[in-house]
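Here is a short briefing on one protein chain. Keep the structure open while you read, and find each element as it is named.

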Amino acid sequence: MYEPKLKKEIRCPLEYGLDIFGGKWKPRIICVLAEKKCLRYNEIRREMTNITDTVLAATLKELLADDILDRKQYNEIPPRVEYSLTNKGVSVIPILKSICQWSGASHRSDSEHVLSQCQKCDYIFR
């Protein structure tokens, strides 16, 4: 995993939160796992449109390191690995829903390209 030369200095809780669940892919992965509960790598990749294997693998590693995801590996042939949300990951869901409701007030939706998880949010697409 890429490690920056300088350690990121987080000075407030908001920066910490945005570092944990901010970005393009982290909230999407969290929402997918909130709905589906437990998925394998390829199932997560299918749910995410236009994500590369490199980015997905790196994002999953970051979420695992931050204790948002749990990775369960089964000793089978072929190997089977499943991802699910930890309690800390589940606690992020109401925050993401609040952000979704707030942005839904001014977000112009293209219903053709909306993720299936987003269609289940509490705010109304316009």
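Helix α2 (residues 26-36) packs against helix α4 (residues 53-65) at an angle of about 75 degrees, and their axes lie 10 Å apart. Angles of 65 to 115 degrees count as roughly perpendicular, so α2 is roughly perpendicular to α4. Keep in mind that this is a predicted model.

- On the α2 side, the contact is made by Lys26, Ile29 and Ile30.
- On the α4 side, Leu56, Thr59, Leu60, Glu62 and Leu63 take part.
- Sorted by class, the contact of α2 with α4 has 5 nonpolar, 1 polar and 2 charged residues.
- Two packed helices are described by the angle between their axes and the distance between the axes.

**The whole chain**

- The protein chain holds 5 helices and 3 strands.
- Read from the N terminus, its elements follow the order α-α-β-α-α-β-β-α.
- The protein chain has 126 residues, and 31% of them are buried.
- Take the contacts between residues at least 6 apart in sequence: 47% of them join residues at least 24 apart.
- The accessible surface of the protein chain is about 9,100 Å². Carbon and sulfur atoms account for 54% of that surface.

**The sheet**

- In what order do the strands of the sheet stand? The order is β1-β3-β2, in an open sheet of 3 strands with antiparallel pairing.
- β1 and β2 are at the edges, and each has a single partner strand, so one side of each has no neighbour in the sheet.
- From one strand to the next, the twist averages 30 degrees.
- Helix α2 packs on this sheet and touches β1, β2 and β3. The direction of α2 makes about 95 degrees with that of β3.

**How the strands pair**

- Strand β1 (residues 38-40) runs antiparallel to β3, and 3 bridges join them.
- Arg40 has Glu82 as its bridge partner in β3.
- Strand β2 (residues 69-74) also pairs with β3 in the antiparallel sense, over 6 bridges.
- Arg71 has Tyr83 as its bridge partner in β3.
- A hairpin of 5 residues links β2 to β3.
- In a regular strand the side chains alternate between the two faces of the sheet.

- Where does Ser84 lie? Ser84 is part of strand β3 (residues 80-85).
- Is Ser84 buried or exposed? Its relative accessibility is 18%. Buried means under 20%, so Ser84 counts as buried.
- Cys38 stands opposite Ser84 in β3.
- Which residues does Ser84 contact, leaving aside its neighbours within four places in sequence? They are Leu33, Lys37, Cys38, Ile68, Leu69 and Asp70.

**To recap**

- Helix α2 packs with α4 at about 75 degrees, and α2 also packs on the sheet.
- Ser84 lies in β3 and is buried at 18% relative accessibility.

Technical notes. Residues are numbered from 1 along each chain as its sequence is written. This is a predicted model: local features need pLDDT of at least 70, side-chain atom pairs count only at pLDDT 80 or more; totals for chains, interfaces and linings use all residues. Side-chain values use heavy atoms; hydrogens and water are left out. Axes are lines fitted to C-alpha atoms, for helices over the stretch in contact, and angles run from 0 to 180 degrees between N-to-C directions. Helices (H or I, at least four residues) and strands (E, at least two) are DSSP runs, numbered from the N terminus. Angles under 35 degrees count as roughly parallel, over 145 as roughly antiparallel, 65 to 115 as roughly perpendicular and the rest as oblique. Contact means heavy atoms within 4.5 Å. Ala, Val, Leu, Ile, Met, Phe, Trp, Tyr, Cys and Pro count as nonpolar, Asp, Glu, Lys and Arg as charged, and the others, Gly among them, as polar. Buried means under 20% relative accessible area, exposed over 50%, partly exposed in between (1.4 Å probe, protein chains only). Accessible areas come from the Shrake-Rupley method with a 1.4 Å probe; for residues, only the protein chains shown count as cover. Two strands pair if DSSP finds at least two bridges between them.
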